[in-house]
Amino acid sequence: MLNATVICRAQTQRQYIFTSFKKNTGLLSNKVFQVVQDKKGYVWIGTDNGLQRYDGYRFTNFRHITGDSLGIPDDLISLLYVDQKGRLWITSGRKLGIFDPSTARFTNVPIRVAETEITKGIRKFITNKDGHVMVFVAKTLVTYHEEKKEMSAEHNFIRPPEGFTCEDMFQDPASGQYWVTGKSGLIMFDPKTRHYSYRGHNVSGNPVIARFGDTLNTLRPYVDLKGRVWFAQGIPLRSAPVMHCYNPKTNTGSTYRGLGKGYYEVWGISEQAEGSVFLFGYNLLLEFNEAKDIFVPVRDPSLNEFTIQFDYVTKLYRDRDENLWACTNLGLYLFNPRQQAFTSLAHSRPGDTLKNNTATTAIIVNAKNEIWMATWGKGIFSYDLNFNPIENPVVKQKPEYSSLPVWSMCQLKNGEVWIGSQLGHLIVNDPVRQIVADYRPSVFSGGTIRQMLADKSGNVWLGTDNGFVIRCEKGNWSDTTNSFVKVQTLPGRVVRFFERKNGEIWVATDIYGLYRLDPANGKVLTHYDEKKGKGKELYNATVTDLIEYNDTTILIASNAINILNTRTGNIESITTADGLPSNQAVNLTKDKSGYLWVSLSNGLSRFSYDRKVFTSYDVRDGILNDNFEISSPAHLADGRLIMGTLHDFLVFNPNEVNRQNDQPAGISITDVKVMGKSVSLDSIMQLKKVELGHNDNSISFDYSAMRFLQQNKVVYYHQMTGIDKDWVRSENQQAMYTYLPAGEYSFRVKSVNGNGVTSEKIAEMEIHVDRPFWKSWWFYAALFLIAMAMVYWIDKERVKRMIHMHRMRSQIAGDLHEEIHTTLNNIHLLSELAKMKAEKDTVRSKEYINQISDKSKRMIVAMDDILWSIQPENDSMEKMLLRMQEYTEALKNHHGIQINMQVEERVRTMKMEMNVRHQFLLIFKEGLRTVIETLHGTQTLINIDILRNRLFLKVQDLSVSDSANAEAAESFESMRKRADSIDADLDIQSDSNKVSFIVSLPVISPSIS
């Protein structure tokens, strides 16, 4: 870190840059009471509008919810405390309790004191290295009892002697001694001996009691890391308390008065690990200046929005990274004196009371170790190595040059300083002759002298804004006629000269790229711009700086960083895609450790060339103005760098900055969202696995290194094994996966510091995504079983149909066999009878022959019907109706009678088993034949339709001759048997001259299926 004089610039006040948090940046309220950091690294913030958790990127809010008896009872969070067990204690309104972050539940802890005391407020937790949790309720000290889970004065192990009060207390972390303050004075309690020391009773011979024992109205005790005992004293009838301090090393006591301006109160003391002591309170925030033994204000109004604003500071809390959090009524502020290695300084001359916020255009360190800085419009400023302003000989001899617009400077080996200005104005300061010479050589044609370079041969190169490259041989500035020679005219402004180790002169222009010149004659050897083709071109033709990184590598700033290989001529560009904070690189310089510092038009970055890692620095590190000018950075002998900005200049020691990045930051997963909703992180950490259903496969992760001021110095990478093939660089400390297929995954996060070192700790979380039931093994097994069951059922139905078909065919075959057997027997019998009567009774013989003919005919028809029924092509209702129609037409034509047949359309698409169809056909034919041929009907009506899932066949004739015919009765009986065989109903009605029969047959559905 810079020494105190460098930072203070002969002042008593250090320059601290504060990062502020307000309502517009995420706070619930600008009135912040307390901050504390838990063991996981989260920072907890107590405000008058709720409790917040901060991980360095995101705030998580916890507020009172009406009707929620387990949540925080009030949004007024005035005190926070993390005990040795990691429990977070809070005061919520007038309630004191333990808050569980994993469940957002508040457990109330009873306080056994008078209600009047509680109404006065719970005002302070006491830090205790022995694990006791103690708190002051108004002016009453109470201690927490772990078994009884209550706060009570009965559990106190410190009981002031009679006549003394305990209104505040602090335990010395080194000795374990307690210092107690109150109106009655100062008390020291030694827990080892159980002895109290106070005025008139200094049994331990304590030197602090000996020195300050008679002091009354004591408050705010504190013991710092050097063993000094501090406490405040309120003096009656005065508005301003004083601070007392006893130093055991010098055995002296000191009193500090006049700590603030106007009315102020001391509310507490805080300290950094390296020993910086701060005092805070109402209208008070001071740092103790060890060298001058005084308290100095921390607030610097000249820093405007980068300083702290407050009416009062309620707490100054130190986190584990030595950051200081200032809780105020105007917001929360964060700073770190140890890490603030950058100092922004405005220009001033000896005796100046006002700062000159002007652009720094050039910087040199002369032979006397004086730092000269050129500015645009304010001339030259000079400083010693501690940046105390000193007189500059140019301005001293010519005061009018205090407003000179200076663009460039260079220093020759003889100590001369050349200064370039507007309209070809050249100024030379000769320290030997102690003169300041002015020239306007005609060779410049009135062009502004933008750049100058003194090469190894003693020549001075000068570049102008009209593109002239002018060389002054051996720096002989007095011979303006012969020494200044224009060796080249380039398009555009000359903005930078650079000399390689081999003596080559390189010239950068504002819009026409980079030129390599022969130093002997200024001839252009090579031109580089953005039009040379892939692998040979610059990122942009606006070149602002270049350096020789090694013998074969030149780094060029042209918005991006170009890496030129001088052997091959190949150019590689490093852009924002490679980690460069912005494609607005201005200047390049290399420190003694080999790191490259890249100043940008909006920031500063350190580049590890070997590891290709960038680390960014901004206002949080002390850089007030990050708009850097095109001016060569200057190196001091002790390693410090100086860079010019648009309004001031920046000073820092790269070694201090580099050491801040020695240890890589650990990393923690701070939030997990499933389908956009946060899940309990503590529960996940206990299980070490996230279990997701197949529909809950969208997941996102937030993570942080909990570094707060160092977050932008850390590069994060995450990887989801099974999804990401490699580590993915994060830009917003978040990873999101919108669809995770079923399976096992592992999400991992690591961090890489500015030195390219990967963190030892890699945060990891296992994830399991359930398979949908239709992709599970049991579902496939069930499908297999169902398929096997279906195959079995189909096969069973097939066998069943085969058996049924076999039975039908057997029945048909049996009917056919019976029909043929009966008919043939009848024919055989009639034949014998006919033979017997042929000679004796020819009439009877002819009758038998006619019967034989009739039976033969019927047998042929029956056989034809059976054969027709079993043919597959006739397996439809339509074909059966056609056969019934044919039979009807045959009877109609043969007998010359009227037969009318009507069929409902739905019947035609029905399906009927072969056996049922055959029997139905035979019933129809038998009934119709009986009506026509046996009963001699002449007007027959046939109707076939479907009603209520039954098929109806209706046959009616009103013109029969003898309905009581015996042969007809026999036919009707045969029909009834056939109907019974197919579960059909047969209803026959007849009288003297009419007959009708109805066949009713059940079907599966009226839609014919």
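Start by selecting helix α12: among what covers its buried residues are α11 (914-934), β70 (985-990) and β71 (995-1002). Contact here means heavy atoms within 4.5 Å. Helices (H or I, at least four residues) and strands (E, at least two) are DSSP runs, numbered from the N terminus.

This is a predicted model, in which local features need pLDDT of at least 70 and side-chain atom pairs count only at pLDDT 80 or more, while totals for chains, interfaces and linings use all residues. Residues are numbered from 1 along each chain as its sequence is written, and side-chain values use heavy atoms, with hydrogens and water left out.

**Stop 1: helix α12**

Show residues 966-981. At 1.5 Å a residue, the 16 residues of α12 should span 22 Å, and its end C-alpha atoms are 23 Å apart, which agrees. The expected span is 1.5 Å times one less than the number of residues.

Which residues of α12 are buried? Select Ala968, Ser971, Phe972, Met975 and Ala979. They lie on the same side of α12, because they cover an arc of only 100° around the axis; the arc is that of the directions from the helix axis to the C-beta atoms. Buried means under 20% relative accessible area, exposed over 50%, and partly exposed in between (1.4 Å probe, protein chains only).

Now turn to the other side of α12, where Ala966, Glu970, Lys977 and Asp980 are exposed. Just after the helix, Asp983 takes a positive phi of about 60°.

**Stop 2**

Select residues 585-590, strand β51: five of its six residues are buried. β51 pairs with β52 (residues 596-600) in the antiparallel sense over five bridges. Two strands pair if DSSP finds at least two bridges between them. Ala585 stands opposite Leu600 in β52. Five residues lie between the two strands of this hairpin, and in the turn Gly594 has a positive phi of about 95°.

**Stop 3: the hairpin β25-β26**

Next, select residues 284-289 (β25) and 294-297 (β26), antiparallel strands joined by four bridges. Asn289 has Ile294 in β26 as its bridge partner. The hairpin has four residues between its strands, and Asp293 in the turn has a positive phi of about 55°.

**Stop 4: a four-stranded sheet**

Finish with the open sheet whose order is β30-β57-β56-β55, with antiparallel pairing. β30 (342-345) and β55 (634-635) stand at the edges with a single partner strand each, so one side of each is left without a neighbour in the sheet. Between β56 (residues 641-644) and β57 (residues 649-652) there are four bridges. Ile642 stands opposite Val651 in β57.
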